[in-house]
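Open the model in your viewer and keep the selection tool at hand. The tour goes from stop to stop, telling you what to select and what is there.

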Amino acid sequence: MNQPAVRFVAVGAGRMGRGIAIAFAYAGHRIALVDLRPRTPEAWQRLADEARAEIRASLDGLARLGALPIEQVDAIAARVALVDAAGAPAALAAAELVFEGVPETLEAKREAFAQIGRHCRADAILTSTTSSILVTQLAAFVERPARFLNMHWLNPAYLIPVVELSTHPGTDAAVVARLRAIMEGIGKLPVVCGVAPGYIVPRLQALVMNEAARMVEEGVASAEEIDRATRYGMGLRFAALGVIEFIDFGGADILHHASREMSASISRERYTAPANVDRMVAEGRLGLKSGSGFYDYDGRDVAAYRRDVLSRTLGMLRHAGLWQPPAAETID
């Protein structure tokens, strides 16, 4: 199968590969969605039809929500080239950036990177979209580890802006900078973390979700009440303020004291504050109110910053339909 040369390749034609393909196609780029597994013509056709249908359905869904004109759906979908195993070498040879998204086993990753390495350019950037395997484990599978890192997309990949770049000690800083530029160019917000299980978002999410499930099990509140509290309480606030920013805004001492109480009454293991929070409190670095915390506020217009935070929060309330205009005085 002859395929046009493209700069971007997603290896693995499953859900993640399809989402990545939509993200690039939506941003105006052609991308090859490559299946490395040899298949019968009938099996390949079934996979290709399924992938095309899902890509089209996702774009149709965005159009129905007003994210794009319905008449653009066909043109965007056409930017995704579906490539079978026979066409994979040519697609990989032309790629500047490759996203590996095969099943989450070391053997599958090893086999995929062996094939990718045989055909890709020496200057290609290689990434794995794994959500569970450390970048240091996978770096051994590539010929040029300096040009390799993990890149965790959040589902749906074409919608959620954050992508987590997990680097290893040998990752070239110029590669990270180039990858950041590419991702920002398609409207993504890359964040960098080191070698860590769970990256940033999944690690935080797992704690919150497990604790919410425990609260249901313990009869603290119903699932419905917890969801209302998290959507319109915690969720709104953390949409307006980052988690670390939130600590500084309220004060590290607030977190310190709350952690002390809950570690004593609920679980010492789950709620004991980390050493850096205790240290900041002991040193008087409480955040915004003391002039320094996780961030340094020296020389910052604190009043303007507080107005900005209020504006962000108000924007989230309005988006949720929860902000009400002032009412006339009620005579009881």
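Select helix 11 and helix 13: helix 11 passes helix 13 in a left-handed crossing. A crossing is left-handed when the near helix is turned anticlockwise from the far one by less than a right angle, and right-handed when clockwise. Helices here are DSSP runs of H or I with at least four residues, strands are runs of E with at least two, and both are numbered from the N terminus.

Angles under 35 degrees count as roughly parallel, over 145 as roughly antiparallel, 65 to 115 as roughly perpendicular, and the rest as oblique. Each axis is a line fitted to C-alpha atoms, for helices over the stretch in contact, and angles run from 0 to 180 degrees between N-to-C directions.

Now show the side chains where the two helices meet. Ala252, Asp253, Leu255 and His256 of helix 11 touch Val277, Asp278, Met280 and Val281 of helix 13, where contact means heavy atoms within 4.5 Å. By class, this contact of helix 11 with helix 13 has five nonpolar, one polar and two charged residues. Ala, Val, Leu, Ile, Met, Phe, Trp, Tyr, Cys and Pro count as nonpolar, Asp, Glu, Lys and Arg as charged, and the others, Gly among them, as polar.

A note on the model: it is predicted, so local features need pLDDT of at least 70 and side-chain atom pairs count only at pLDDT 80 or more, while totals for chains, interfaces and linings use all residues. Residues are numbered from 1 along each chain as its sequence is written, and side-chain values use heavy atoms, with hydrogens and water left out.

Next, select helix 9 and helix 14 (residues 302–319), whose axes come within 8 Å and cross at roughly 135°. That makes helix 9 oblique to helix 14. Their crossing is right-handed. Leu236, Ala239 and Ala240 of helix 9 make the contact with Arg312, Thr313, Met316 and Leu317 of helix 14.

The following stops are empty spaces. Rolling a probe the size of a water molecule over the atoms shows where empty space is left. On a 1 Å grid over the protein atoms alone, a cavity is a set of points where a 1.4 Å probe fits but cannot get out; a pocket is an open set with protein on both sides within 12 Å along at least five of seven lines, and lining residues have an atom within 4 Å of a point. Grid points are joined across faces, edges and corners, and a volume is the space filled by probe spheres set on the points.

Which residues lie nearest the centre of the largest pocket? Select Leu204, Val208, Met234, Phe238 and Val243, out of 45 lining residues. The space in this largest pocket is about 2,200 Å³. Helix 8 gives the largest share of its lining, twelve residues. The lining of the largest pocket divides into 30 nonpolar, ten polar and five charged residues.

Move to the second largest pocket, with a volume of about 480 Å³. It is lined by 26 residues, and Gly12, Arg37, Gly101, Val102 and Pro103 are the closest to its centre. Helix 5 gives the most to this lining, with five residues.

For the largest cavity, select Phe113, Gly117, Cys120, Ala124, Leu126, Phe141, Val142, Glu143, Arg144 and Arg147, which line it. Its volume is about 70 Å³.

Two backbone details end the tour. Most residues other than glycine have a negative phi, and most peptide bonds are trans. Select Asn155 and Pro156: a cis peptide bond joins them, with omega about -10°. Pro156 is in the loop between strand 6 and strand 7 (162–166). Tyr199 sits in the loop between strand 8 (189–193) and helix 8.
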